Structure formats: C-alpha cells, structure tokens
Amino acid sequence: MAEREYDASRYAPPAEVGEMELPHPKGFIGKYVWSQDAKVIAVQYGLTATAIGLVALVLSLLMRLQLGFPNSLSIIDPGSYLQYVTMHGMIMVVYLLTAIFLGGFGNYLIPLMCGARDMAFPYLNMLSYWVYLASVLILVAGFFVAGGNTGAGWTLYPPQAISPGTPGIDAGIVLMLVSLAVFIVGFTMGGLNYVVTVLQARTRGMTLMRLPLTVWGIFMATVMALLAFPALFVAVLMMLMDRLLGTSFFMPEMLSTGEGGDHQGGSPLLFQHLFWFFGHPEVYIVALPAFGIVSDLIATHARKNIFGYRMMVWAIIIIGSLSFVVWAHHMYVSGMSPYFGFLFATTTLIIAVPTAIKVYNWVLTLWRGNIRLTVPMLFSIGFLFTFVNGGLSGLFLGNVTVDVPLSDTYFVVGHFHMVMAVAPILVIFGAIYHWYPKMTGRLLNDTLGKLHFWITFLGTYAIYYPMHFIGLEGVPRRYYAYGETTFISDSVQALNAGISVAAFIVAFAQLLFLFNLAWSYSRGREAGPNPWQATTLEWQTPHTPPRHGNFGDELPVVYRWPYDYSVPGVKQDFIPQNVPPQAVEREPDAGRGGTA
Amino acid sequence: MAKSTLRDPFLEPGLRGMVGDLASDQRAFKEVPWSKAMMWGFLLSDIFIFACFLVGYMAARITATAPWPNASEVFALEVGGHHVPLLLIAIMTFILISSSGTMALAVKCGYERRRLATGGLLILTALLGASFVGMQAFEWTKLIHEGVRPWGNPWGAEQFGATFFLITGFHGTHVSFGVLFLVIMAVKVMRGSLEAQRPGFLTGRRGRYEMVETLGLYWHFVDLVWVFIFAFFYLW
C-alpha cells in the first residue's frame, strides 16, 4: 500500500514563487514587541488570550461560589452575577478560544507546517495582533466604567441587552459592542493572512492533500470565521445604533414603568438570526482546529498513520459547510414555524455524520497503534471522551421536541461546556505540551503534566456531568438564586455544592500548568529538535526554537504525506515529510510493503 | 517569478485535472499573486457583510409596524417645477458604473506600462468616485432637511432612515476609502514607484503593477454592491 505513494513522490516540482523578503530587525523591540515574525505573534496572541482567559476563569469561580454556597460573598448580587455570566461566556468563546486557536496555533503552525518562511503578509499579521489587543483592552475597560460590564448574557439578546434594568446599560454594552467590532477587524487581517498562506505559499511538493490535518482544521475554521463574523459585525453595528442613536433595528415598542419607550417596530428576532448565523459556525471555528490538532497528536503518539486521511479532510470541509445552515436550532423556543424547525433539526442531525466519521477514524487510528501515553496523548484521549459525551447530548438538543423542555436549563450548559469548552481546551493543553518543546527547546515536566491532566479531566466530568441531571429537573440557567420552587428538589443544592468544589479544584490545578510553563522554560529537560519523533515539517527545522525565516537557507522539499509512521520495512518508525524516497533507510531483508 | 508549472506531467485534463490543479503543490491558484488572492478573500468576507446588511434591511422593512415611505416620492427631485423620480440616483449610478470602466482601462494601461495613461485614468476614476460621494452627501443633506433621521421620519416607518443611513453610509465609506487608495496609487504610478519596485511606506512590500489590478478588484466590487443597494432601496 505504501509503495505506490513513494513512487509518485519521487518527483520534486520546481519552485514557482521567488524567495520571500523578510525584514530582520535587530533590537529587542523589533524582534519581540513590534514583531512581524509569525512565531512571535503567535506567542503574543497566546499570552494575551491566556491572560484574558484567566479573568474569565475567575468569573466562573465567582458564579460557582454563588451557586454552590449561596450568599457567601457579599459582592455577588444578582446584577453582578449576570455580568459574570456574560463576560465569562464572551471571553471564553471569542477572546480566548477563537484567538488562541487561530491567532496562536494558526500563526505558529501554518507557516512551519506548510514550509513557508512566514505568513504571506507579515506586517498585516502584526497589525492583527495589536488590533486584537486593543479589542481586549476595550473589553477589560468595561470592568472599570460606571455601571460595570453588560449583564445581557453572552448572546446579547435585544431588547433586554439595551433596556433599562440590565446591568451595564450605560457604558458596558457599548464597550462590549465596540470591542467585538474591533476584534472582527483584527481577526479579518489575520484570517486573510492564514488563508492566503495555506493556499498560495506552501513549499515545493506540499500539495493540499499532504497538509497535516492541523493545517486543514485551522484553514477551514479561518474560512468559516471570515464568512461568519460579518453577520456579528452587522448585528453589532445595528445594536450600537439602537443604543446610541435611538434607532429601532431590534427594538420593538415597549412599555417601561407604564410609559412608552422611544423605539417602535424593530425586530428582536432579526438579531437572533444574525447572531446565530455567526454563533453556530463559531462553535466549529473553535472545534475544527481542535479536530485537526488532535488528529496529529493521536497519529504521532500512537505511531500510526491517521485512519482515513481523505475522509478526515472531507469531513472537515463538510462540517464547515453544513454549520452555516443550522443556526436556527438555537432558536427553537423563539417562536419559529414548525417547518423551519424540522428543516434545521434535519441539517443539525446530518452534521453528526461527518463528525462521527472523524470520531471513528480517531479511534481506529488508536486501534492496535503503538500508543505512547505521553501527556499530549492523555489529553487527546480525554478529548475523545468529552467530545463524544458532549456530542451525544447534542443529538438530544438538536430535536425540536426534546429541545423545547430542555432549552435554557443546565442540560444545555452541561452539553455545550462538554463539547465546545472542555473538549477544545483539552486539545489546547495537549497541543501546548506537544509543541512547547519546539517553541522553547525544552520539554514540559511530565509528572506535573500528568497530574494536571488527571485533575482537569476527572474534574471537568465532576463539574459538567451532574449538570445534565440538574437540567433534566428543569433548573434554569443564568439564575442567581432559585428561590421557593416546587419542582427543584433539595438534592440539587447538594449537587451544586459538589460541582462548585470540583470547579475550584480544577481551577487551582491550572496553577500547576502555569507553574510548569514558567519553570520548564529555564529548567525543563532539553528537548532536541524532534522529541516526539514526528514527521511534520515544524520538527525538521535546522534550529530549535526555529529562527525568523523558519528553515535556514534552504526551504524543505516535501516528498510524502505527514503520516508515515511505522511504515513496514523501514528502520525508523517514522519518515519525516522532507525525506526523499532514496534516503529512506530500509531493513536489509524486509519484504517490500505488505501488511504488518 | 519562476516559470509556471501548469504543464506539470502529473496533472490530468478535465474536472479531475482542475481538482488536481487546485490541490497541487505550492499554490492552489497558479499565477495569482498573494495580494490578489487576499483581495478576493477580503471581498468574499465583505460580500457577507453587505448581504447581512441587505437581508437585515429586508427583514426590518417586512416586520416594520408603520407603513414604508414611498421610494419614488422620497428620492425625487424637483426640476423646473417637474417632479422627477430617481433622477439624482440615476446620475449617481451612471457615474459609478462609468468609473468601473475607467478603472478597467487603468489596469490595462498599467500592464502595458503606460505610466501617464494609468495615472490619469486612476485620477479620473478617483474623481468620478469623489463626485459620487459628493452627490450622496447632497442626497443625505436633502433628506435630513426634509426631516429624515435614523430614529424617525415624517412619512412612516422609522427603520427607513436607520437602514438608509447605515447601509448607504457604509457603502459611501467604502467608496471614500477607494478614492483615497486610488489617489495614493496614482501618485505611486506617476512617480514610477511600481516600475522601480520601490518598497511601500509602511509594509515594505515592493511595488508591482498587479497592485493596480488588486485595487481595481476592490473598486469593481464597490460598484457591484451599489447595484444591489440601488435595487433594494430605490426600486423596491
């Protein structure tokens, strides 16, 4: 089977594009602050996203404190609780996950894995980061203005988002909307860069079907983001006008304390459509890079080629396309024609098919692989569990009749945290453990890593699994306190306390990770250029960490796909992508090809 | 730039060949410079912005509770005592479409390395664009004098003013930026920066005549979007 690949790859095509001119700044500021090097920009993105993500983590702890041990902290009142909910959600989805996957891993891995010197437009890439930083600062400013952040929920539904009574109605909502608009501008600069680099700046021999799945995932997510963020941009502009100019795009005529407002005839449903036309693809913008990265981690650490590479690529493309026609499944309870509900339920459930293909292929890659239980592998396996769990509860919620009673309960919270919060975060951790040696030249500490994994993995189950049961009882989400109700049993409070304890343990376990990052930077074991014996191009750079320009004098030439692990009859159990067929060391007496 | 690999020995003719070509090494789109590929990507993203605007406008118009103002009266001009509907907007549309023609000529002259002709046509395009923006400003002023505001107007649904100012304003901003870039590009062409491949002011990218074409793509796009805005606001 493998032989045919080698014969076709004997040919190395000539270079089509001349060498890229790179600015080589000398000083510290040019190299590390106003840097045009994608790798430095990636670290800048990663650190900023982590910093703002920690803020969101603390907010979630404050929420858990209130839910598990009501009224134990006097600063948490109903208004501030709503602000925590809003900021936690928005930061985690947009400013952490989107930014770290596309801005962080995208910037670091796309040029290295494609065999490019840098992104196609380094200057624009730099601008992208600084605009992103500005959007984060505008968002953070919301914590300090009078009235505080907006408490509209991360979906920012009008009319309540800009109506009196919602926290942060004065400045918070304006800052949130401006910050989102700025984020989208910054992201567009970066996103166009990633797309052009993947399409037009690959090295000789790197065909699209020889790209590592990591690049495929990030590429497709970027394309989706470029097409989905416009809807949010439009919604944000319109809501800003509603808030600042008194227009009525989304605002119907309302009575407030017996008096009519200024607004008339707007459509709140229009906002929901625009928001979810962005919001649903956003789920896959976060998930697809995770899919791609986890495919590479599993193949590398199981020493086996990824099962069904072509199907994996097509599944990524199909998931990306389908995710644009499912958005209204977030709006089953908004008042929708049953025919539309049927249509959107159907498209939603169809997405399960390519997703299931991916899950089967990951499992089949593991099957009879030479699995090395390294920390990245542990996180990848953890991802498979949480993702399948969250995906299965998604099948419940995709059906209109099941969704209507479960809508806005903790079942939904449990579902989406499993599938799009924990699962991608586990991949991020795995990816950091995997690529940290390339970024710094040193391995992260293994013992701390394993401790971090087990606490995080088991802890997240302790947090989100019980939420499904709480949700089935009908406990609504986003409530500060439940008050006197007959349908909520007393055990819910006990479960909530347990969840909160688990949440605190998991949160503090992240300190282990942060400590590991800092400690290993100077004290970690020397990694060498290719500690995991991986095949992809980023491990074949002449320097570790790679210098500006990535590949030294000569760009690599690619002769094979990225998954030549455990090829029968070959001495080493991996063949890097840039090793020509005649240079592969074979076992002297091994039969050629055949099934091992 | 090195030679094309379009006659790569491994590529097949027909549909399979096209797919193989797209997936082949180094570049999905052969002979397409990076900046042009990026402009297409940007325009695709921008199409989604304008599409969302126009769909939002349709939704707002359909769901508005008050009656929608009559376009042929609102946008009419009084010329010599006669009530002429759509006069101004017809002129504006004509001017903008014509500017697409001058832009296309500028691209052609650019590739023929005719510096003066290219620069002149770019300036002409910029002038046509600027006059479009000027007439738009005139129309805005007229409407504002008649009492149209984003939050209300004398004739009916207040969403009329909101959508009109938002969407034509967003488009007008696109045209204004286009005019700015046209002027910059004209200066570059006239000074011979493109021919000498001098690096740009900020990014340090070397000048090439493809830049004129890339700017042209943007300009044509802005014109095309106007056709849709024109149809949905003035003819509906």
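The expected span of a helix is 1.5 Å times one less than its number of residues. Helices (H or I, at least four residues) and strands (E, at least two) are DSSP runs, numbered from the N terminus. The model shown is predicted: local features need pLDDT of at least 70, side-chain atom pairs count only at pLDDT 80 or more, and totals for chains, interfaces and linings use all residues. Residues are numbered from 1 along each chain as its sequence is written, while chains are lettered from A and ligands numbered from 1 in the order in which they are written.

**View 1. Helix H6 of chain B and the glycine after it.** Helix H6 of chain B covers residues 159–191, 33 residues in total. From its first C-alpha to its last, H6(B) reaches 48 Å, close to the 48 Å expected at 1.5 Å a residue. Gly192(B) follows H6(B) and has a positive phi, near 80 degrees.

**View 2. Layout of chain B.** Seven helices and two strands make up the secondary structure of chain B, in the order α-α-α-β-β-α-α-α-α along the sequence. The C-alpha trace of chain B spans about 65 × 45 × 30 Å along its principal axes. Domain bounds come from an automatic or database domain assignment, which for chain B gives domain 1 (1–31) and domain 2 (33–235). The C-alpha centres of these two domains of chain B are 36 Å apart. A residue is buried if 20 or more other C-beta atoms lie within 10 Å of its own, exposed if 12 or fewer, and partly exposed in between, with C-beta atoms placed from the backbone. Of the 236 residues of chain B, 35% are buried.

**View 3. Confidence along chain B.** pLDDT is the predictor's confidence in each residue, from 0 to 100. Chain B has a mean pLDDT of 90, and 95% of its residues reach 70 or more. Within chain B, confidence is lowest in helix H1 (residues 14–23), at a mean of 81, and highest in helix H5 (residues 115–145), at 96. Residues 1–5 of chain B have pLDDT below 50; this stretch has twelve contacts in the model beyond near neighbours in sequence. Two residues are in contact if their C-beta atoms, placed from the backbone, lie within 7 Å. Where pLDDT is low, the predicted coordinates should not be read in detail. The model scores ipTM 0.93 and pTM 0.94.

**View 4. The side of chain A that touches chain B.** Contacts join 45 residues of chain A to 41 residues of chain B. Helices H6 (172–200), H7 (213–244) and H8 (268–301) of chain A each supply at least two residues of this side of chain A. H7(A) gives the largest share, nine residues. By type, this side of chain A has 30 nonpolar residues (Ala, Val, Leu, Ile, Met, Phe, Trp, Tyr, Cys and Pro), four charged (Asp, Glu, Lys and Arg) and eleven polar (the others, Gly among them).

**View 5. Surroundings of Leu322(A).** Leu322(A) lies in helix H9 (residues 309–322) of chain A. Leu322(A) counts as partly exposed because 19 other C-beta atoms are within 10 Å. Not counting residues up to four places away in sequence, Leu322(A) touches Thr347(A), Ile350(A) and Ile351(A). Pro354(A) is 32 residues from Leu322(A) along the chain, and their C-alpha atoms are separated by 9.9 Å.
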